[in-house]
Amino acid sequence: MSVTDPQPPAPESADAAQAALHDRIAADSLTTRRDYLRIVATVSGGLAVGGVAVASGILHRHGDGEGPPEPKRIADRIAPGESLAFRYPGAEDRAIAVRMDDGTLAGYSAVCTHLACAVLWRKDRGDEGELYCPCHEGVFDARTGAVTAGPPPRALPKVLLQEREDGSVWAVGTARSGEDAREALCRQQGGDAALCRNAAAPAERSDRP
């Protein structure tokens with residue numbers, strides 16, 4: 001009987017090894033593509049649902065609540081070129097007040113009408129500054145709240161402001177997109193005939209320096 005050393009198994013041919021490696025890479029690539037498509041589909045679906053919810057009014061709309069909003073003092077004064085972020089009429093209602101260089105005082109919801117991102121004041125843009133949503137490059141006119149660029153479908157809802165004799169600034173009501181101050185006050189005060197007939201629109205312009 002002859003004794004021989006155990007022999008290692010014959011190595012795979014170069015072609016077989018290359019084919020196996022190719023199969024593993026293809027399998028990994030397929031898994032990666034599937035995962036990627038799954039993520040894209042999930043994110044796209046979420047954005048679509050969010051967009052429909054905002055457009056259809058399912059999400060909270062600024063100023064909607066039970067009863068008329070109470071007046072709220074938001075600042076001792078606001079100087080030209082300054083802005084102020086505040087909450088009105090509820091703690092969940094983000095708002096912004098701006099006073100332009102000519103003294104115009106305006107207030108708006110600070111929630112973009114596109115997908116509800118925060119709206120910011122950019123004083124250095126344009127002749128009068130602008131209200132800007134950084135999420136999708138939405139831009140609103142600072143004087144009117146109208147959409148001037150980007151995807152937002154509607155103007156910003158207004159927050160009605162009053163400047164009193166001592167210079168203090170008060171939020172006194174809210175208006176929906178396209179609604180003027182008198183219509184908003186009548187709606188929020190229950191449509192009282194005398195109020196709707198005699199109510200003066202809250203001051204949105206002031207010559208106070």
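Buried means under 20% relative accessible area, exposed means over 50%, and partly exposed lies in between, computed with a 1.4 Å probe on protein chains only. This is a predicted model, in which local features need pLDDT of at least 70, side-chain atom pairs count only at pLDDT 80 or more, and totals for chains, interfaces and linings use all residues. Residues are numbered from 1 along each chain as its sequence is written, and side-chain values use heavy atoms, with hydrogens and water left out.

**Stop 1**

Select Glu-130, which is buried at a relative accessible area of 13%. Its partner is Arg-122: the two form a salt bridge whose closest N and O atoms are 2.4 Å apart. A salt bridge here is a side-chain nitrogen of Lys or Arg within 4 Å of a carboxyl oxygen of Asp or Glu. The charged end of Arg-122 sits over the ring of Tyr-132, at 3.5 Å from the ring centre. For that description, NZ of Lys or CZ of Arg must be within 6 Å of the ring centre and within 35 degrees of the ring normal.

**Stop 2**

Show the strands next. Helices (H or I, at least four residues) and strands (E, at least two) are DSSP runs, numbered from the N terminus. An open sheet of four strands runs in the order E5-E6-E7-E8 with antiparallel pairing. Its edge strands are E5 and strand E8 (147–149), each of which pairs on one side only. Neighbouring strands of this sheet are turned by 40 degrees against each other on average, direction ignored. Those angles come from axes that are lines fitted to C-alpha atoms, for helices over the stretch in contact, and they run from 0 to 180 degrees between N-to-C directions.

Within the sheet, pick E6 and E7, which pair in the antiparallel sense over four bridges. Two strands count as paired if DSSP finds at least two bridges between them. Cys-133 stands opposite Gly-138 in E7.

**Stop 3: the cysteines**

Which residues does the disulfide join? Select Cys-117 and Cys-135, which are linked with an S to S distance of 2.3 Å. The structure holds one disulfide, defined as a pair of cysteine sulfur atoms within 2.5 Å. The torsion about the S-S bond of Cys-117 and Cys-135 is about -105 degrees, so this disulfide is left-handed. Cys-117 lies in the loop between strand E4 (105–109) and strand E5 (120–122), and Cys-135 in the loop between strand E6 (130–133) and strand E7 (138–141), so the pair ties together parts that are 18 residues apart in sequence. Cys-117 is buried at 16% relative accessibility, whereas Cys-135 is partly exposed at 41%.

Then select Cys-112. It is in no disulfide, and its nearest cysteine sulfur, that of Cys-133, is 3.8 Å away. Cys-112 is buried, with a relative accessible area of 3%. Cys-133 is likewise in no disulfide and is buried at 2% relative accessibility.

**Stop 4: the E2–E3 hairpin**

Move to strand E2 (residues 83–87) and strand E3 (residues 94–99), which pair in the antiparallel sense over five bridges. A hairpin joins E2 to E3 through six residues.

**Stop 5**

Six salt bridges are present in the structure. Start from Arg-73, which is partly exposed at 41% relative accessibility. Arg-73 forms a salt bridge with Asp-76, the closest N and O atoms being 3.0 Å apart. Asp-76 is exposed, with a relative accessible area of 55%.

Next select Asp-166, whose side chain meets that of Arg-73 in a salt bridge at 4.0 Å, N to O. Asp-166 lies in the loop between strand E9 (158–163) and strand E10 (169–175), and Arg-73 lies in strand E1 (residues 72–75), so the pair ties together parts that are 93 residues apart in sequence. Asp-166 is partly exposed at 47% relative accessibility. Salt bridges that share partners join Arg-73, Asp-76 and Asp-166 into one network.

**Stop 6: Arg-164 and Trp-170**

Finish at Arg-164, which lies over the face of Trp-170 at 3.9 Å from the ring centre.
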